[in-house]
Amino acid sequence: LNVKIGATHAGITVGEDGNLTVSEPTTIGTITVTVNGDEASEITGVENLTVTNAEMILRLEPNKANATPNKWYAFGVPFEVEVSGGIYAQGSASPAIYNSAFVLDEYDGSLRASTQQGWKRVSSSAILQPGVLYMIAVGSTTKEWRCVRRASASLTEQASLSVAAYPSAIGAHHAGWNGLANTLFRDASVALDGVQYITTYNNEQSVYEVQPIADATLAMAKPFFVQVPQAGTLHLTAQPAGVAARSLMAADELTPSCVLSLSSDNFSDRAYITAQVGKENTYSIGHDLMKMLDGTPSVPQLWLEGYNLRLAAYELALTSESTTVIIPMGLYAPQNGTYTLDVETQSDYYTLTLLADDTPVAELGEQTVSIELEQGNNSKYALCITKKTDVVTNIINGTADGTQVVKFVQDDLLYILRDGKTYTIQGVEVK
């Protein structure tokens, strides 16, 4: 929808898959945007808008007829909203009563750093702010709620958010957690120095999901978590619709790097493995990431065991002599049945083997493996990563006379083999 110069509109509603482009100064009586957790309206040129009223329709269950009473749903707001007097059940002319029709929690990283639990109850007198991660639980099956912009509050985009380190005496795995939300009125990508991963909350399945931060695209007001090693600034950049993910993972081809996934028919959970030679064998914020688990999930869950923690991302500490690493895994099944385990890897120099009770059962990377899991936690599985040494890995090229030039890895060093002679990567012959 393109709005023309000088136009005045009584009201415009933008659906969760709609895009409003405002190329010239425009006046609108009431503008309504829609968010459903994963999708949201987009407004390009919000700085050209003058509005009397602004509303956000929060759709708790986009794929169901009703909301589930007392279930928690994560959300953010694109403008300030008063808790008392600013939130309505859709179709109602009167504001919903706080602590009766609904309750709200806010994520607090300082609270998690000191108590291990980051949620705190929002006051009835509070004003919800853009850029903050909230959760709502409602007392009815009403799935749509109308959030009205506070009188005199601005309708502006914020392209950066401050993040705090929140030191924790409990341990690094509870430090530096920030609950945020996209403050652009458009889909946005995220950039934050020193951080590789982002965590979001799946409202439909009530589980936390992790992905590389470079691959994340967040809808307007989409809430998310980041764990940061130091205070800094997170940057949001408008992401045009249809733009592909920028990278899966950045890794040296001579170190293992892989994405594991455990899947049922309707859901897939992922965990990430990278490695660094010389890294200290301790939890490193920005490289390792604690798995967030809550309640009894209705979908499969996967994590890695390291530092006596459940991890969604694990950066292995390698030495130059490292040839084999075994990583215990946790596999959660919501019910007895057959699940699939798969791995994507960026390195051809390692063999990935699935172990069950310390016994090899399948080689991963070239096939998807079906496994039978019992309901609940299954702890007998592990991933064995073995370096391929003294093995020719692939042909680099050929000479004019047909001589093959190949490369191989031995003792963590790359060599070139040509005409029966071995050379270092710098071209020095190895006698």
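Which residues is Leu 304 in contact with, leaving aside its neighbours within four places in sequence? Leu 260, Ala 271, Tyr 272, Ile 273, Leu 309, Arg 310, Leu 311, Tyr 314, Ile 327, Pro 328 and Met 329. Contact here means heavy atoms within 4.5 Å.

## About the model

This is a predicted model: local features need pLDDT of at least 70, side-chain atom pairs count only at pLDDT 80 or more, and totals for chains, interfaces and linings use all residues. Residues are numbered from 1 along each chain as its sequence is written, and side-chain values use heavy atoms, with hydrogens and water left out.

## Nonpolar cores

Leu 304 belongs to the largest nonpolar core, which has 53 residues. A nonpolar core is a set of buried Ala, Val, Leu, Ile, Met, Phe, Trp, Tyr and Cys residues joined through side-chain atoms within 4.5 Å. Buried means under 20% relative accessible area, exposed over 50%, and partly exposed in between (1.4 Å probe, protein chains only). Leu 260, Ile 273, Leu 304, Met 329, Leu 364, Ile 371 and Leu 383 touch the most other members. Strand 27 (residues 309–318) gives the largest share of this core, seven residues. Strands are DSSP runs of E, at least two residues, numbered from the N terminus.

A second, separate core has 45 residues. Ile 28, Val 33, Ala 96 and Leu 128 are among them. In soluble globular proteins, nonpolar side chains tend to be buried together.

Four strands form an open sheet in the order 7-13-10-11, with antiparallel pairing. Two strands pair if DSSP finds at least two bridges between them. Strand 7 (72–75) and strand 11 (119–121) are at the edges. Each has a single partner strand, so one side of each is left without a neighbour in the sheet. On average, neighbouring strands of this sheet are turned by 30° against each other, direction ignored. The axes behind this angle are lines fitted to C-alpha atoms.

Inside the order, strand 10 (residues 102–107) pairs with strand 13 (residues 134–138) over five antiparallel bridges. Asp 105 stands opposite Met 135 in strand 13.

Another open sheet of four strands runs 15-22-17-20, with antiparallel pairing. Strand 15 (160–163) and strand 20 (217–218) stand at its edges. Strand 17 (residues 188–191) is joined to strand 20 by two bridges. There, Ser 189 has Thr 217 as its bridge partner.

## Strand 3

Strand 3 (residues 19–22) alternates its side chains. Leu 20 and Val 22 point to one face and are buried. Thr 21 has Thr 44 as its bridge partner in strand 5.

Notes: Axes are lines fitted to C-alpha atoms, for helices over the stretch in contact, and angles run from 0 to 180 degrees between N-to-C directions.
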